[in-house]
Amino acid sequence: MKINNHHVQQVNPYRANQTKAEQVKMQEAVPSDSLQISKEAKKLSEPSPIAAQRSDKVSALKAQIQAGTYKVDAEQLASDLIGYFHPKA
């Protein structure tokens, strides 16, 4: 009887382990993205106390307008407009 090694794959458990180890190394070697945010950027992302004060002022003005009690001071408005368009040097 004659036995031929046709269509038989050789099994080498050491080679299989080596292949798995190489795959793990390749996965670890893949560079990943990272992000670092500076302290200044974190400060800028925090809500400003000025924004909170402005929000309070806007809500008070809205309430006055809806109640019909808001009055425009014409002299103050004219003075502010002149100061805005013609600032003192």
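Colleague: How many helices and strands does the protein have?
Modeller: The protein has 4 helices and 0 strands, where helices (H or I, at least four residues) and strands (E, at least two) are DSSP runs numbered from the N terminus. From the N terminus on, the order is α-α-α-α. This is a predicted model, in which local features need pLDDT of at least 70 and side-chain atom pairs count only at pLDDT 80 or more, while totals for chains, interfaces and linings use all residues. Residues are numbered from 1 along each chain as its sequence is written, and side-chain values use heavy atoms, with hydrogens and water left out.

Colleague: Which elements have the lowest and the highest mean pLDDT?
Modeller: Helix α1 (residues 13-29) has the lowest, 77, and helix α4 (residues 74-85) the highest, 94. pLDDT is the predictor's confidence in each residue, from 0 to 100. The protein averages 84, and 81% of the residues score at least 70.

Colleague: What span should helix α3 have?
Modeller: Helix α3 (residues 49-67) has 19 residues and should span 27 Å, the expected span being 1.5 Å times one less than the number of residues. Its end C-alpha atoms are 27 Å apart, which agrees.

Colleague: What caps the N-terminal end of α3, and what follows the helix?
Modeller: Serine 48 is the cap, with a side-chain oxygen 3.2 Å from the backbone nitrogen of isoleucine 50. Glycine 68 follows α3, and its phi is positive, near 80 degrees.

Colleague: How many residues of α3 are buried?
Modeller: The number is 0, so α3 lies largely in the open. Buried means under 20% relative accessible area, exposed over 50%, and partly exposed in between (1.4 Å probe, protein chains only). Of the 89 residues of the protein, 0% count as buried.

Colleague: Turning to aromatics, how many pairs are there?
Modeller: The count is 1 aromatic pair. The ring centres of tyrosine 84 and phenylalanine 85 are 5.0 Å apart and the planes stand at 85 degrees, so the pair is edge-to-face. Rings of Phe, Tyr and Trp (its six-membered ring) pair if their centres lie within 6.5 Å; planes under 30 degrees apart count as stacked, over 60 as edge-to-face and the rest as tilted. Tyrosine 84 counts as exposed at 63% relative accessibility, and phenylalanine 85 counts as exposed at 57%.

How values were computed: Polar contact = N/O pair within 3.5 Å; in protein donor to acceptor, adjacent residues only side chain to side chain.
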